[in-house]
Amino acid sequence: MKSLKVVFLGTPEFAKTSLEAIHQSHHNVVGVVTVADKASGRGQKINQSAVKVYAAENNIPVFQPEKLRNPEFLEELRKLDADVFVVVAFRMMPKVLFEMPKMGTFNLHASLLPDYRGAAPINYAVINGEEKTGATTFFINEKIDEGNILLQNEIEVLLDENAGSLHDRLMEMGSKLVVKTLDGLAEGTIEERPQPEVEHPKNAYKIFKEDTKINWNAPSKIIHQFILGMSPYPAAFTTLKIGEEEKGLKIFGGKFEISNHGKLSGTLDISKNEFKIYTEDGIYYPQELQLEGKKRMNVKDFLNGFRNFDEITLQD
C-alpha cells in the first residue's frame with residue numbers, strides 16, 4: 001500500500017491520539033504544527049501541547065508559529081513536500097496553508113456533518129439528547145466545517161453518557177477514521193462528496209462561561225442532559241447563597257424524577273441526607289459537585305461539610 005507524507009496540525013489529547021495512529025501506520029509523519037508553549041498556573045509553569053510532547057518523544061519535527069501566515073514558517077513547510085495535511089482540533093487556517101499540499105488538507109470533526117459544525121460538537125450532541133453522533137473527515141475550504149466529506153463513522157450515544165466519556169470514545173474512533181482516510185486517499189478509493197444541503201443544521205457554537213448556567217425552570221430531562229453535556233468540561237453551574245455569601249456550584253452529574261410537587265422551580269430542599277432541587281416538572285438530585293474554592297466530591301461528602309442547612313438557598 002502506498003505511503004503518504006503527512007504534516008499533522010493539532011493541539012490537545014484528542015488530536016494526539018490521531019497523530020499516534022498515523023505515526024504507527026505505514027504513513028510517514030514528516031512534521032507537526034501545534035500551538036506555542038504557554039506559561040500557566042500559580043508557578044507560571046511552561047505547558048506544552050499533548051501533540052508537541054508526542055512529536056518530541058518520537059523525533060518528529062515540530063513547528064510552533066505565532067502566525068500561520070509567517071513566510072519563514074510557510075517556506076519550511078513547503079520544503080517538507082508533504083502529500084497531505086491532516087488537521088485535528090487546531091485553529092482557523094489561511095488558504096495559503098491549507099492549499100499547500102498536493103492532495104489538499106483534511107480535517108477530523110467530531111460530528112456527522114453537516115450537523116454540529118463549530119467548536120463544541122460533542123457537548124451539544126449530549127445536551128440535545130442525541131441517540132447517535134459520529135466523526136467526519138472532510139477537505140478544508142474557506143468556510144468553517146463546510147468542505148467536501150471524505151468518510152463518516154457513526155457511534156451510539158449511551159444512556160446517561162457525559163461529554164467526557166463520549167469525547168474519549170470519539171477520540172479513539174476518530175483516530176482510526178483518519179488512518180482509513182489516508183489509506184483511501186493513497187489508493188484513490190475515496191470519492192469526496194459535498195455536504196448535504198440541510199435547511200437548519202444543528203449548531204455547536206463555542207461555549208462561553210455564561211452559557212454554562214443551569215436553568216432550573218426547564219424540564220428535568222433537559223436539565224439532566226445539559227449537565228451531562230457540560231461534564232466534565234466546561235461544567236454546568238448554579239449559585240448557592242450560604243448565609244450572606246454567594247458561591248458558584250458546579251454540578252457534574254446526578255439523577256432526576258418526574259413529580260407533581262407544586263413547588264417553585266429552583267427551590268432547594270437540603271439536609272444531612274439529601275440534596276433536592278425542584279424543576280418545572282420534577283426533582284433533580286445532584287450527585288457529583290464542586291463548590292467554589294473546594295475540590296470535586298460526591299453529594300454525601302458535600303453535605304457532610306455543612307452544619308446549618310437552613311441558611312443555604314439557590315440563587316437565580
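Hi everyone, let me start with the pocket. In this structure, α1 (13-23), α4 (95-98), β7 (105-109), α5 (121-127) and α6 (163-187) each supply at least two residues of the lining of the largest pocket. Please keep in mind that we are looking at a predicted model.

So which element gives the most to that lining? That is α6, with 4 residues. The lining as a whole has 43 residues, and Ala 89, Phe 90, Gly 118, Ala 119 and Ala 120 are the ones that lie nearest the centre of the pocket. The space inside comes to about 1400 Å³. If you sort the lining by class, you get 24 nonpolar residues, 9 polar and 10 charged.

Let me step back for a moment to the whole protein. There are 8 helices and 16 strands, and the C-alpha trace spans about 70 × 50 × 30 Å along its principal axes. Of the 316 residues, 48% count as buried. Now take the contacts with a separation of 6 or more: 65% of them are accounted for by residues 24 or more positions apart.

Two packed helices are described by the angle between their axes and the distance between the axes. Here the angle is about 35 degrees and the axes are 8 Å apart, and α1 passes α6 in a right-handed crossing. On the α1 side, the contact is made by Glu 13, Phe 14, Thr 17, Ser 18, Ala 21 and Ile 22. An α-helix has 3.6 residues a turn, so residues three or four places apart point the same way. From α6, the residues in the contact include His 167, Leu 170, Met 171, Gly 174, Val 178 and Leu 182. By class, the residues of this contact divide into 8 nonpolar, 5 polar and 2 charged.

Let's zoom in on one of them, Thr 17 in helix α1. Is Thr 17 buried or exposed? Thr 17 counts as buried, because its relative accessibility is 9%, and the cut-off for buried is under 20%. Leaving aside neighbours within four places in sequence, Thr 17 is in contact with Met 171, Glu 172 and Ser 175.

Thanks, everyone!

Methods. Residues are numbered from 1 along each chain as its sequence is written. This is a predicted model: local features need pLDDT of at least 70, side-chain atom pairs count only at pLDDT 80 or more; totals for chains, interfaces and linings use all residues. Side-chain values use heavy atoms; hydrogens and water are left out. On a 1 Å grid over the protein atoms alone, a cavity is a set of points where a 1.4 Å probe fits but cannot get out, and a pocket is an open set with protein on both sides within 12 Å along at least five of seven lines; lining residues have an atom within 4 Å of a point. Grid points are joined across faces, edges and corners, and a volume is the space filled by probe spheres set on the points. Ala, Val, Leu, Ile, Met, Phe, Trp, Tyr, Cys and Pro count as nonpolar, Asp, Glu, Lys and Arg as charged, and the others, Gly among them, as polar. Buried means under 20% relative accessible area, exposed over 50%, partly exposed in between (1.4 Å probe, protein chains only). Contact means heavy atoms within 4.5 Å. Axes are lines fitted to C-alpha atoms, for helices over the stretch in contact, and angles run from 0 to 180 degrees between N-to-C directions. A crossing is left-handed if the near helix is turned anticlockwise from the far one by less than a right angle, and right-handed if clockwise.
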